[in-house]
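This report describes how one protein chain is put together.

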Amino acid sequence: MTLSNIQQRIPKRYVLSFLGFIGLFNAFILRANLSIAIVAMVTPMYETTPNNISRIIPAIHNWNTRTQGYILSSFFYTYCLFQVPAGFLATKYGGRILFGGSIGLCAFLTLFTPICAQAGSGALIFLRLLEGLVSTCVYPALHDIWSKWAPKSDKSTLATFAFSGAYVGTFITLMFGGVIAADWAWEWLFYLSGLFSLVWTVIWFYFTAELPSTHETISEEEAKYIEEHRDQAISQIDTIPWKDIFTSLPVWAIIAVHFGTNWSLFLVFNEFPTFLVKSLGFHVDSAGSISALPWLLLSVTVYAAGIISDKLTEKYSTLFVRKFIVSLTFIVLILAFVLVTLLNVKSRALIVTGIIIVVSACGPAWASFGVNHLDIGGHYAGVLMGISNSIGSTPGFLTPIITGYVVDDSYSKREWDILFVISMVIGALALVFYIVFADGELQPWVLGGSDEYEPVFNNPISSPNVNESSVLNENNTEWIRRFVTTYTSGQSTTQIMALANIYQRIPKRYIFSVLAFFGMFNASMLRSNLSIAVVEIITPRVEITSDNTTRIIPAVHNWSTTTQGYILSSFFFTYTAVQVPLGFLATRFGGRIFFGGSIGLCAFVSLFTPLCVRSGSTALILLRLLEGFCLSSVYPSLHVVWSIWAPKTDKSKMASLAFSGVYCGTCFIMLTGGAIAADWSWEWVFYLPGLSALSWTIAWFYVTAESPSTHPTISVEEVKYIEDNMDKDILRTETIPWKAVLTSLPVWAIIAAHFGANWSAYLILTELPTFLVKALGFRIDTAGLLAALPWLTLGISTCAAGVISDRLTKKYSTLYIRKLIMFITFTIMVLSFLMIILLNVKSRGLIMIGIIIMATSCGPAWANFGVNHLDIGGHYAGVLMSISNSIGSTPGFLAPMITGYIVENPHLKREWNIIFIISIVICVLALGCYLCCAAGELQAWALNNNDEYEPVLNNPISSQDLNENNTE
């Protein structure tokens with residue numbers, strides 16, 4: 001297949017969405033870069049001469065905080081002022097030209113920022129006013145594009161993916177802008193962002209078109225699909241019904257929730273770093289990393305919510321979905337602000353967690369009201385976005401002004417609490433206004449007065465296959481009243497049946513996958529919590545008494561580094577030793593029981609860790625050996641589950657979602673474990689994960705079943721779908737073909753890839769914090785945050801790669817996809833290691849980027865070789881996983897042991913480079929073995945030559961049983 005044919009088969013609306021993502025990515029970097037650069041402009045620099053004499057280089061300007069405030073806010077004055085005319089121009093002349101042109105023009109102006117900064121504050125303010133003016137077209141123009149290009153079924157997905165680019169751009173600027181300004185020069189913040197945006201502008205105009213019908217390479221099928229599935233009754237007139245728009249309550253509902261969401265976002269954007277440093281006592285470099293994290297999560301939640309919204313609108317009315325998601329997210333946002341307000345500065349980790357939840361909750365809200373312009377405005381969506389974004393962006397300059405009045409120079413938290421209360425009130429008012437006045441269908445002034453249009457403000461939700469008495473078929477404005485009535489006067493049978501019908505329509509295999517994700521999340525916390533707690537156990541504490549004197553509380557133990565090594569590695573000895581026998585038992589007696597039981601048993605054992613710690617190192621080592629034994633069946637048993645539950649079409653997606661729970665759990669415990677140990681006590685690092693895992697265990701056994709045929713609430717259609725899409729020639733016997741398995745080259749190909757990927761992952765887990773602190777000179781608190789970040793990106797990339805793999809295997813062979821993705825990801829890993837080796841410690845920001853890229857690339861690798869057991873082993877996938885995970889987990893103790901022998905002085909990067917070279921060799925050998933020996937189909941020893949398919953269990957329930965009311 002030629003490259004042009006591949007390009008032809010990619011839907012052009014998805015290409016447009018991707019370019020829109022990069023466009024907003026650039027737009028927000030151009031907007032946020034000055035926030036980082038201005039710190040370098042007003043801060044003196046220290047330079048060491050060749051004679052080792054330090055000298056101070058004066059700051060470029062001595063601007064006071066008020067002048068800095070005028071400079072930073074100047075962008076928003078023109079940005080807010082001209083949104084409405086920008087929306088009119090986009091509707092009149094086309095969004096494509098204005099979207100690309102505005103970002104390109106802003107990029108060109110950005111290149112002159114260093115000159116204007118040198119000239120003085122007046123010139124810089126004038127330039128920022130111009131940048132705000134040309135940027136006003138971005139959102140209205142993009143909405144005009146979606147009104148022409150987005151079919152109803154893809155509307156939220158396409159728009160929210162583009163929206164997420166704004167938050168990724170903000171994250172990148174906050175995360176790495178300071179590194180660029182420090183290692184290179186602050187001018188490069190403007191040169192890099194400006195040049196990158198100009199390159200994007202050229203690409204945008206080359207690959208896009210104003211309409212599907214005018215696109216040069218779009219297929220006839222896609223153009224026809226878009227034309228047939230977008231709003232057909234849109235009035236294509238040259239005049240704008242301004243009076244109807246400004247008197248439309250659904251428009252003002254969007255404006256209200258737009259303002260409420262942006263208030264929280266701009267409050268965090270403008271004031272969060274100051275709050276962290278001045279009130280919570282974080283170091284400046286730590287505050288930068290923490291400030292960036294919410295924006296990365298926001299980019300994930302906004303896109304995920306867009307996909308979910310499109311799925312829900314296939315079954316329920318648009319209005320119900322919009323109100324439901326906005327209500328849910330604003331309630332979470334308000335509760336998070338309540339949490340932040342009630343906590344004192346000693347619980348700063350929980351305060352930061354609350355702020356992160358606030359920002360993340362804004363994602364689903366944006367994914368709903370941000371698309372509502374298209375729902376009600378059609379061709380006028382650009383105008384509506386211009387109006388709502390004009391008013392909705394005013395918090396960009398209102399929040400710093402109000403903060404300046406409320407918070408004085410003492411930066412007391414009780415003064416910040418006033419801002420949080422104001423945010424709660426604004427959020428509550430915005431939510432109520434939206435629930436009362438929002439709409440989900442085209443308005444009469446869009447349809448040009450068509451008689452066929454009927455207002456849908458009070459129309460019922462469409463809910464096929466649900467009894468008419470169901471609560472879902474009632475008036476949309478009644479759902480809150482009905483919910484409250486239910487829980488004040490007793491539940492009715494009708495409402496219980498409605499909830500049962502909703503639950504019935506959720507595919508049970510997806511519920512299985514979500515629960516497996518949280519199972520792996522908990523298992524990862526149970527495995528990693530001691531790595532956090534041991535620091536607190538061996539470190540003396542300083543306590544301030546009531547009479548303001550300090551006293552030192554001795555450490556619980558004075559374990560040497562050797563003893564700590566034995567304690568931390570003890571888990572892996574039993575974890576790797578008994579993988580194979582427990583994999584056999586899981587295959588023999590059922591993966592569900594072993595998966596849930598092993599995590600539950602480990603959670604119970606983990607609760608006794610504080611007692612064993614106080615008893616001594618021997619008791620703790622014995623306990624960790626027992627925990628390793630318990631968790632050794634997790635991966636094999638989960639693969640047994642997938643061999644029964646995962647159809648070919650969903651195999652990678654379901655398995656990789658579960659895998660990603662491991663990395664999310666590791667990221668979570670690294671981010672919060674140290675804060676919990678410091679703010680509460682180290683014992684809670686074991687109590688909280690243990691109780692969480694026990695709660696999950698109860699949910700697992702209550703909701704899941706061993707096979708589809710024995711699940712009490714699964715539908716007949718889903719059972720048939722799973723069975724029809726399983727490998728029906730899998731051999732189902734009680735014996736394991738050990739010789740055939742152990743002499744199978746495809747099995748050893750998986751083992752090689754497993755070992756290679758885990759070597760990199762465990763090297764990061766065990767050695768990255770030490771490398772960051774000792775070799776690169778990061779502070780300990782900053783190193784903890786940076787060490788957690790790769791695990792978050794790894795979890796995201798694993799889940800995304802699983803979805804992509806399932807899509808690709810529908811068009812290409814399984815083996816081709818497995819090898820292709822493994823080749824790409826291992827090549828990226830090798831190149832990342834090379835970059836890390838070649839850079840010196842002065843470029844520590846780029847070294848950290850290389851580490852993040854290397855860790856992220858492990859995700860797609862796991863999403864492919866980690867599912868390859870199912871491809872070739874069928875019912876024996878659990879046995880194969882036990883073998884590969886037994887050998888693949890040995891880097892858990894090999895990586896720190898080898899590092900200990902080679903790196904004698906951790907402050908010397910050249911010694912660490914030897915470890916990185918070893919990693920490159922391991923990756924190359926693993927990739928070569930996989931490419932030569934891997935397979936993608938069931939092996940001969942896993943096949944059944946009989947024509948008849950035998951179900952996994954011998955007691956399937958009948959279709960008649962499945963058709964009965966499941967709620968019985």
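## A buried loop residue

Two residues are in contact when they have heavy atoms within 4.5 Å of each other. The model examined here is predicted. Leaving out residues up to four places away in sequence, A555 touches I537, I538, T539 and P540. A555 lies in the loop between strand 4 (550-553) and helix 23 (561-577).

Is A555 buried or exposed? The relative accessible area of A555 is 16%, and the cut-off for a buried residue is under 20%; A555 is therefore buried. Between the C-alpha atoms of A555 and V535, the separation is 9.8 Å, and these two residues are 20 residues apart along the chain.

## The chain as a whole

The chain contains 40 helices and four strands. Of its 968 residues, 56% are buried. Among contacts between residues at least 6 apart in sequence, 83% join residues at least 24 apart.

## Nonpolar cores

In soluble globular proteins, nonpolar side chains tend to be buried together. In this chain, the largest nonpolar core has 248 residues. Within this core, F99, W146 and W642 are the residues with the most contacts. Helix 2 supplies the largest share of the core, 16 residues.

Which residues does W642 contact, once neighbours within four places in sequence are set aside? They are F512, S513, A516, M654, A655, A658, M726 and L870.

## Helix 2 with helix 10

Two packed helices are described by the angle between their axes and the distance between the axes. For helix 2 (residues 12-41) and helix 10 (residues 187-207), the axes come within 9 Å and cross at roughly 165 degrees. Angles over 145 degrees count as roughly antiparallel, and helix 2 and helix 10 are therefore roughly antiparallel to each other.

The crossing of helix 2 and helix 10 is left-handed. The residues of this contact comprise 17 nonpolar, seven polar and no charged.

## Helix 39 and its partners

Helix 39 (residues 909-933) packs with helix 35 (residues 814-838) at an angle of about 165 degrees, and their axes are 9 Å apart. This angle makes helix 35 roughly antiparallel to helix 39. The crossing of helix 35 and helix 39 is left-handed. On the helix 35 side, the contact residues include R818, K819, M822, F823 and F826; on the helix 39 side they include K909, N913, F916, I917 and S919. By class, the contact of helix 35 with helix 39 has 18 nonpolar, three polar and three charged residues.

Helix 33 (residues 745-775) also packs with helix 39: the two axes come within 8 Å and cross at roughly 165 degrees. Helix 33 is therefore roughly antiparallel to helix 39. Helix 33 passes helix 39 in a left-handed crossing. How many nonpolar, polar and charged residues does the contact of helix 33 with helix 39 have? The contact has 22 nonpolar, four polar and two charged residues.

Terms used. Residues numbered from 1 in each chain as written. Predicted model: local features only at pLDDT ≥ 70, side-chain atom pairs only at ≥ 80, totals over all residues. Heavy atoms only, no water. Axes fitted to C-alpha atoms, helices over the stretch in contact; angles between N-to-C directions. Helix = DSSP H or I, 4+ residues; strand = E, 2+ residues; numbered from the N terminus. Parallel < 35°, antiparallel > 145°, perpendicular 65-115°, else oblique. Left-handed = near helix turned anticlockwise from the far one by under 90°. Nonpolar A, V, L, I, M, F, W, Y, C, P; charged D, E, K, R; others polar. Core = buried A, V, L, I, M, F, W, Y, C linked by side-chain atoms within 4.5 Å. Buried < 20%, exposed > 50% of the residue type's maximum accessible area, 1.4 Å probe, protein only.
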